[in-house]
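This briefing goes through one protein chain topic by topic. Please keep the sequence and the coordinates at hand while reading.

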Amino acid sequence: MMKKLGWLLLIILVLIAINIFAKRASVANIHFKISFTVDEKATVPSQFADTLKKAQQLLSRVFSSSEFKEAMYQQSYNDSAYSKSKKKCFDVVFDQSTGRIPGKAVYDNLIADSNINLLVNIKNNGTKKGTMGSSNACNYTITTYDYWLVEKGELAQRLARHIAHEFTHIRGYRHDNKVEKTYKWGHQPKEDPAYGVGNIVGEILKDWSKKSKI
Ligand SMILES: [Zn+2]
């Protein structure tokens, strides 16, 4: 009888430990669903559908992770980009006295919906290689240029990072070059939510890759 109770106690303790671990590893439950089209002038690698699916999984995992939340909470951005926006798909949250946007506000905005459906339109941009793609506030369609879509060097990770950057635009944050003069902050990636989120996603994936978690 005592032996059975001992086993039962052990099992309960293990279950509690698993529960604590699971809660730590995942703080949100975000699912990206990403479909794509390829423009007739654009080309993608032969396994691209699988690579994008992998990017979709990576992105869902990062957005659901405690690492992402913790990193975002430590940020502060100089971005009044959306102060004039009339778009309604996001709440405009910033510190009225400093004009700065706390990382928590960006994080909350990014994870506001647990199911995120995106369409990636792959296009050819001629010889231009200055930009990887583009997107607009509240439109869940991303334009991605094909020149950098080569399988070598962890394309799924680079795609996840790129889509995180563009998704930050979709949730209302613009670059310095799209903002009125009085709000400009210069091209400092650290001050810019889209670059900031892309970098954080990239760093987390690098770290997980090093630790063989992905
Ligand atoms: Zn951008």
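How many helices and strands does the protein have? In this predicted model, the protein has six helices and six strands.

**Overall figures**

- The protein comprises 214 residues, of which 31% count as buried.
- When contacts between residues at least 6 apart in sequence are considered, 72% of them join residues that are at least 24 apart.

**The sheet and the helix packed on it**

- An open sheet is formed by four strands in the order 1-4-6-5, and the pairing within this sheet is mixed.
- Strand 1 and strand 5 (133-134) stand at the edges and have a single partner strand each, so one side of each is left without a neighbour in the sheet.
- Strand 1 and strand 4 run parallel and are joined by eight bridges, and within this part of the sheet H31 stands opposite N115 in strand 4.
- Helix 5 packs on the sheet, where it touches strand 1, strand 4, strand 5 and strand 6 (141-145), and the direction of helix 5 makes about 135° with that of strand 6.

**The largest nonpolar core**

- The largest nonpolar core holds 38 residues, and the members that touch the most other members are A55, L59, V62, V106, A160, I163 and V201.
- At least two residues of this core are supplied by each of strand 1 (31-38), helix 2 (48-63), helix 3 (66-73), helix 4 (103-110), strand 4 (115-123), helix 5 (155-170) and helix 6 (193-210).
- Helix 5 contributes eight residues, which is the largest share of this core.
- If neighbours within four places in sequence are left aside, I163 is in contact with I34, A55, L59, L118 and I142; two of these partners, A55 and L59, are also listed with I163 among the core members that touch the most others.

**K88 in its loop**

- K88 has its place in the loop between strand 2 (76-77) and strand 3 (101-102).
- Is K88 buried or exposed? With 9 other C-beta atoms within 10 Å, K88 is exposed, because a residue counts as exposed if 12 or fewer such atoms lie within that distance.
- Although K88 and A137 are 49 residues apart along the chain, their C-alpha atoms are separated by 9.4 Å.

Conventions:
Residues numbered from 1 in each chain as written. Predicted model: local features only at pLDDT ≥ 70, side-chain atom pairs only at ≥ 80, totals over all residues. Core = buried A, V, L, I, M, F, W, Y, C linked by C-beta atoms within 7 Å. Buried ≥ 20, exposed ≤ 12 C-beta atoms within 10 Å, placed from the backbone. Contact = placed C-beta atoms within 7 Å. Pairing = 2+ DSSP bridges. Axes fitted to C-alpha atoms, helices over the stretch in contact; angles between N-to-C directions.
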